[in-house]
2 protein chains.
Amino acid sequence: MAFHIRDMTGEEIAVFADVIHDLARIPQDVDPREATSERILRLLRGDTLASYVWEPAKGRYYNPVSVNHDESNVAQYVASLQFSDPLTHRMRRLQGAQIVESSFPMNELEKTEFYTDFLQPDGMYHGLNIFLPSKSGKVFDLRVWRNRHHEPFCQREIDLLDTLAAHIGRSLQAGDEGLAILTPREREIGRLIARGCTDKEISDILGIGFSTVRTHVNRCFEKLDCSNRAELSARFSATLLG
Amino acid sequence: MAFHIRDMTGEEIAVFADVIHDLARIPQDVDPREATSERILRLLRGDTLASYVWEPAKGRYYNPVSVNHDESNVAQYVASLQFSDPLTHRMRRLQGAQIVESSFPMNELEKTEFYTDFLQPDGMYHGLNIFLPSKSGKVFDLRVWRNRHHEPFCQREIDLLDTLAAHIGRSLQAGDEGLAILTPREREIGRLIARGCTDKEISDILGIGFSTVRTHVNRCFEKLDCSNRAELSARFSATLLG
DNA sequence: CCCGGCATCCCCATTTTTGTCGATACCGCC
DNA sequence: GGCGGTATCGACAAAAATGGGGATGCCGGG
């Protein structure tokens with residue numbers, strides 16, 4: 001029985017590589033967490049996963065993505081439970097992936113209402129968290145859990161999560177700095193430009209007036225600081241294909 | 001001593017992820033092998049690495065990339081030794097990463113001239129090869145070696161190389177189908193278009209006539225079947241930024 | 001030695017893009 | 001109810017790109 005918790009099977013290596021590959025090429029209008037969270041959970045051999053984004057302006061978490069969690073639980077966390085969560089306060093400023101038990105002993109955690117009301121019902125026992133601050137002030141996080149019948153997380157998962165989170169962070173960062181400032185309509189038009197459509201064609205495709213297209217295109221130029229559609233096209237297609 | 005050869009250190013996981021990330025975003029005019037071979041060798045814990053591309057039309061290997069090899073040895077391999085190489089004949093049609101010793105017992109190999117003249121002097125003893133056919137008929141390969149004082153390769157490296165090679169293959173494939181049909185000058189102009197330069201600007205930057213730029217641009221359109229520069233820009237920037 | 005590919009240059013007519021002014025209407029928020 | 005953001009439309013002139021010709025010189029392979 002030479003089983004060593006840190007090893008990765010050939011299949012896991014391949015899945016890991018695919019996740020990193022996808023993160024590198026994901027379109028900016030897709031949430032990288034949506035596209036990868038199931039596979040990340042599998043790689044970390046966890047039971048449930050949740051991810052939130054801390055919005056500094058509002059002082060709260062929002063934009064949840066979860067796997068194997070009860071949806072209403074996640075909704076409730078965003079709505080109210082986040083304000084009585086004793087974990088994130090303590091862990092948010094730590095660097096890198098952290099095992100919950102290391103910062104918050106289980107015997108202490110089990111006594112809290114947060115545990116009995118929220119964690120326990122959804123089978124969250126052994127926890128592994130990472131909080132990743134981005135330039136914009138937002139903090140992106142990933143929270144992975146195993147139920148109490150499973151082994152606690154160990155170094156293999158810490159290393160994996162550190163790496164995965166860094167790449168998700170890069171991907172989110174790109175979204176932050178990139179096309180997010182455009183309105184949905186503007187992104188739609190940007191995508192068509194990247195496909196080589198002329199303004200006339202775009203107005204036909206979208207069923208709107210030529211002038212409208214012109215307005216949107218000009219606004220794209222302003223917002224993205226592009227001087228012509230070739231440059232705009234580059235900005236879009238850098239993350240469009242894949 | 002619970003050392004298990006299949007594990008990856010946290011640093012290796014991070015390097016591996018970076019390699020995959022880079023392969024996903026590498027410009028099409030950069031050889032993905034050049035950009036990653038050192039790191040791949042380190043991940044596989046090998047001593048030397050060489051890579052060639054089999055050109056079916058000419059019936060020979062060309063375009064070598066190597067790490068820690070004597071350059072003249074590699075040149076000689078491409079020039080002549082490849083035709084007396086007893087290994088690749090036997091291994092080229094095998095699927096996936098293969099340990100040389102498994103197909104070609106060492107006691108047999110050590111008797112050959114190829115070993116004494118070529119492999120031995122450069123310290124190639126334990127070998128791990130992969131041959132990856134591409135749609136165009138070309139076969140891309142990676143050949144990693146450890147010297148005789150080191151452990152033979154095992155499953156960890158097979159899994160890793162399988163995955164790495166698949167991603168390099170993807171990257172090369174993209175190059176094959178993409179910008180490779182353009183001349184160097186045409187690619188240069190395509191890149192500038194993707195950065196948003198007008199034809200006038202391009203002619204100034206490159207110090208050539210406006211008309212010349214026009215000719216190159218038109219040829220790009222023809223070859224890549226693009227109807228305007230926005231589309232061309234998309235083709236270039238899909239792999240340009242990183 | 002000739003041919004093909006490459007890089008360089010020129011002209012002309014037409015289409016598309018770009019810049020810069022407008023304007024109206026809807027919707028959510030304070 | 002006003003205000004900001006979004007989506008929608010219009011007009012005009014300048015700048016750039018596009019499509020179609022044709023032309024030269026260089027170089028390497030058959």
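Biologist: Which element gives the most to the surface near DNA strand C?
Modeller: α11(B) does, with 4 residues. A residue counts as near a strand if one of its heavy atoms lies within 4 Å of it. Helices (H or I, at least four residues) and strands (E, at least two) are DSSP runs, numbered from the N terminus.

Biologist: Before going on, what are we looking at?
Modeller: This is a predicted model, where local features need pLDDT of at least 70, side-chain atom pairs count only at pLDDT 80 or more, and totals for chains, interfaces and linings use all residues. Residues are numbered from 1 along each chain as its sequence is written, chains are lettered from A and ligands numbered from 1 in the order in which they are written, and side-chain values use heavy atoms, with hydrogens and water left out.

Biologist: Back to DNA strand C. How many residues are around it, and which come nearest?
Modeller: There are 17, and the nearest are R229(A), T183(B), G209(B), T212(B) and T215(B). Of the atoms of DNA strand C that come within 4 Å of the protein, sugar and phosphate account for 71%.

Biologist: Which polar side-chain atoms lie by a phosphate oxygen of DNA strand C?
Modeller: One belongs to T183(B), at 2.4 Å from a phosphate oxygen. Another belongs to R185(B), at 2.8 Å. A polar contact here is a pair of N or O atoms within 3.5 Å; within protein, one must be able to donate a hydrogen and the other to accept it, and residues adjacent in sequence count only if both atoms are side-chain atoms.

Biologist: And what does D199(A) use, backbone or side chain?
Modeller: Backbone: a polar backbone atom of D199(A) is 3.1 Å from a phosphate oxygen of DNA strand C.

Biologist: Now DNA strand D. Which residues are closest?
Modeller: T183(A), G209(A), T212(A), T215(A) and R214(B), out of 17 that surround DNA strand D. Sugar and phosphate make up 76% of its atoms that come within 4 Å of the protein.

Biologist: How far is the side chain of T183(A) from a phosphate oxygen there?
Modeller: An N or O atom in that side chain is 2.4 Å away. For H216(A), a polar side-chain atom lies 3.0 Å from a phosphate oxygen of DNA strand D. Chain B takes part too, with a polar backbone atom of R229(B) at 2.7 Å from a phosphate oxygen.

Biologist: Which element gives the most on that side?
Modeller: α11(A), with 5 residues near DNA strand D.

Biologist: Different topic. What is chain A made of?
Modeller: Its secondary structure comes to 12 helices and 5 strands. The C-alpha trace spans about 65 × 45 × 30 Å along its principal axes.

Biologist: How much of chain A is buried?
Modeller: Buried residues are 52% of its 242 residues. Buried means under 20% relative accessible area, exposed over 50%, and partly exposed in between (1.4 Å probe, protein chains only).

Biologist: Last one: where is Q98(A)?
Modeller: Q98(A) sits in strand β3 (residues 98-99) of chain A. Its side chain reaches the backbone oxygen of Q95(A) at 2.8 Å.
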